[in-house]
Amino acid sequence: MRMRVQSLAVACGALALCLALTTATNPGFVVRITQAGLDYAHQQGMAILEKELAQLNLPDMSGDSRVLHVGKVRYELSRLRLRDFHLPYSRITPISKVGLQVSISNAFAELDGDWRVKFLFISRDHGSFNLKVENVYIKITLSLGRDTTGKPTVSTSACSASISEVRVLFSGKLGWLYNLFHKFIESKLRKILVEKVCDNVAKSVHSKLQTYLQTLPVTAKIDGKTGIDYSLVASPRATAKSLDVYLKGEFYSLAHRSTVPFPPLPLAFPSDHDRMVYFGASSYFFNTAGIAYHEAGVLVFEITEDMIRKDAVFRLDTSLFSAFIPQLEEMYPNMPMKFMLSTPTAPFLTIGPGGISFQPVVDAQAYVILPNSSLAPLFVLSLTGNVSAVINVRSGRIVGSLDVGRIRLSLKDSAVGTFQVRMMQSLMNVLTSSTLLPRLNARLDEGWRLPMPNGIQLSNILVKYHQNFLLLGADVHFQTRG
């Protein structure tokens, strides 16, 4: 019976593991912060921590101490003021399965304050003192995670501090008395400083770093109809050389968010470390954009006469198309026309070492505009062709442009009888390239915001195409708000 229970437990454990593996979500977007990027962030953080530590509030101290040849001495130390706190040497290291470790060495500080003393029941005096703290060592472990909204979190999971040398000098008529038991005072001040340093580190991580990370946009509204989901799908993962952040990377319609019918593929991230940060935008990321725009009804375009270039040698009317459809001139002589272009299905692209390409299918519904401004349907053409995309980064946004090859036509439906569409090919190429393509490229030039906290500026941009994802590399500059 016992063996059966054990076998059942093993089977249940194996099943749970399989379910966990199969339900694990691949990211649609990956952010990798290299050691160079961590070093830069660490440099900014140390400047903030130095200012925070310089504002340490130290408590007043009082007590009794027995001094040789003097007896019992009652002392008070008050108005302890830190004059400065310097962190000259430090480093940050990613620790696998833990997070980040910050090591500070050879730090030093200086403070002053007031003292008051009473001994032999009658003698009283007061004065000032100066305290120098040297060879301060601090080790901080930062634990990284995500909250219920998918935003990153950071907390101090461990902090230790040690002070190798504390030197205090008392001045005043009875300063010599304090100097007789300075080791006792130094020991108490060392203990207080060690506790206060780690308390202040934990508070700074929570109030400064955690607050700053919360500015990362989990959802970024693109326009009135679509948005991007940049929520974390897992806790950030530290490796020996970098910190990887896994994001959902999914576009969605604001009106109705539907389930994406395909999962994101695993990203074989390269070991590039020349830039401070790398963004991996998967084909899933871009293809969900196509789904979101399609569902939101954004991929519907009109071509009308007022969109035709003024120097064009033709007008968009039935006389133009009667050369291909003779019966059109008889049914609707010299009447204006318009086209309504739409995608029957969401466009689907592929990314490979050669770049980004896709073959969208577009339905072009032709109408004649009647004298009363109503529309009469004429025919529907199915347009397809090879489209390539060029991607770049500008002002913290992914921008792009499309280039369309020769368009292929087929007749999908007709209210004016059958006709040969082959002769229309050149005309439709001109219409789409001169009206539709500029509108698409204008939208792509507006771009989509990259997942970054506030104040980050990118430079030295690198763009590489890999199988199933686009790699964007950049160096980082933090711009404080003036």
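User: What makes Arg-83 and Asp-112 a salt bridge?

Analyst: A salt bridge requires a side-chain nitrogen of Lys or Arg within 4 Å of a carboxyl oxygen of Asp or Glu. The closest N and O atoms of Arg-83 and Asp-112 are 4.0 Å apart, and the pair forms a salt bridge. Arg-83 belongs to strand β3 (residues 71-86) and Asp-112 to strand β5 (residues 99-119), 29 residues apart; strands (E, at least two residues) and helices (H or I, at least four) are DSSP runs, numbered from the N terminus. The model is a predicted one, in which local features need pLDDT of at least 70 and side-chain atom pairs count only at pLDDT 80 or more, while totals for chains, interfaces and linings use all residues. Residues are numbered from 1 along each chain as its sequence is written, and side-chain values use heavy atoms, leaving out hydrogens and water.

User: Why is Asp-112 called buried?

Analyst: Buried means under 20% relative accessible area, exposed over 50%, and partly exposed in between (1.4 Å probe, protein chains only). Asp-112 has 18% relative accessibility and therefore counts as buried.

User: What makes Asp-445 and Arg-394 a salt bridge, and what does the pair tie together?

Analyst: Their side chains meet at 3.2 Å, N to O, in a salt bridge. Asp-445 lies in helix α8 (residues 425-446) and Arg-394 in strand β20 (residues 387-394), so the pair ties together parts that are 51 residues apart in sequence. Asp-445 has a relative accessible area of 39% and is therefore partly exposed; the value for Arg-394 is 39%, so Arg-394 is partly exposed.

User: Which residues do salt bridges with shared partners join into one network?

Analyst: The network consists of Arg-81, Arg-83, Glu-110 and Asp-112.

User: Why is strand β11 described as largely enclosed?

Analyst: Six of the six residues of β11 (residues 242-247) are buried, so the rest of the structure largely encloses the strand. Ser-242, Asp-244 and Tyr-246 point one way, and Leu-243, Val-245 and Leu-247 the other.

User: How do you know that β1 and β11 pair?

Analyst: Two strands pair if DSSP finds at least two bridges between them. Strand β1 (residues 29-34) and β11 have six bridges, in the antiparallel sense. Within this pairing, Ile-33 stands opposite Leu-243.

User: Why do β10 and β24 count as edges of the sheet?

Analyst: The open sheet has six strands in the order β10-β11-β1-β13-β25-β24, with antiparallel pairing. β10 and β24 (456-466) each have a single partner strand, so one side of each is left without a neighbour in the sheet.
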